[in-house]
Amino acid sequence: MPELKQIKKIEYIARILKTDIYQKRINGEFPKFSKIWKIEDLGDKQNIFLQKLSQENNIPINNLKLIYPPSNADSSIALPSNCWLIIHSGNQEELKNLYDYAKDTALLENASPNFAVVGQIPRPDFLPKHIPYFSVYPITSLLKKASKVISGAGFNIMQQMSNMKEKHIVLPFERALDDQFLRVKLAKNSGKI
């Protein structure tokens, strides 16, 4: 890997972070950035942090909207009717939390959905045999086919569901640097969920 001194342009892509923890992990000074891209709404602390970087580097903060291209990887998968799709790329414990949350939500809403699950791990032991499980990526068409989507509050799924907010049910998880709870709060405040 080249040393930072040899790199001519370094661009900073800003998404939600726990800035207090992030800044403690920085070893030394930041490099001089050529551009700053903001790819989601940020909290006040991080906006102040970005403003400081912008001033130090004498560059503006640019907004960048990511576009998720359509994919055929999941287009042949048929979901059950009235499907609540549970999606998570994390571990079995968190996937079970989402599954339990989906069941509880259905009970509270007096709904009788059919569930399907998409994960990046082998089929979990807790999942009943009659519930379809897929390990596929990307999931673009499945998001559109589902009646509801139940997920964590990671950056990508929140971005992908921003145009389908009426059917998105979110359960944030604790992460070392990614502040999913702040992402949900900001999304609620701006009407994105």
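Lys38 has Asn63 of S3 as its bridge partner. This is a predicted model, in which local features need pLDDT of at least 70, side-chain atom pairs count only at pLDDT 80 or more, and totals for chains, interfaces and linings use all residues. Residues are numbered from 1 along each chain as its sequence is written, and side-chain values use heavy atoms, without hydrogens and water. Helices (H or I, at least four residues) and strands (E, at least two) are DSSP runs, numbered from the N terminus.

**Parallel sheet**
- Strand S2 (residues 35–38) pairs with S3 in the parallel sense over three bridges; pairing takes at least two DSSP bridges between two strands.
- The open sheet has three strands, ordered S1-S2-S3, with parallel pairing.
- Strand S1 (11–14) and strand S3 (61–63) are the edges, each pairing on one side only.

**Helix H3**
- H3 (residues 92–108) has 17 residues and spans 24 Å from first C-alpha to last, close to the 24 Å expected at 1.5 Å a residue. The expected span is 1.5 Å times one less than the number of residues.
- Its buried residues (under 20% relative accessible area, 1.4 Å probe, protein chains only) are Glu94, Leu95, Leu98, Tyr99, Ala102, Thr105 and Ala106.
- Seen down the axis of H3, these fall within an arc of 145 degrees, so they line one face of the helix. The arc is taken from the directions from helix axis to C-beta atoms.
- On the other side of H3, Glu93, Leu107 and Leu108 are exposed, meaning over 50%.
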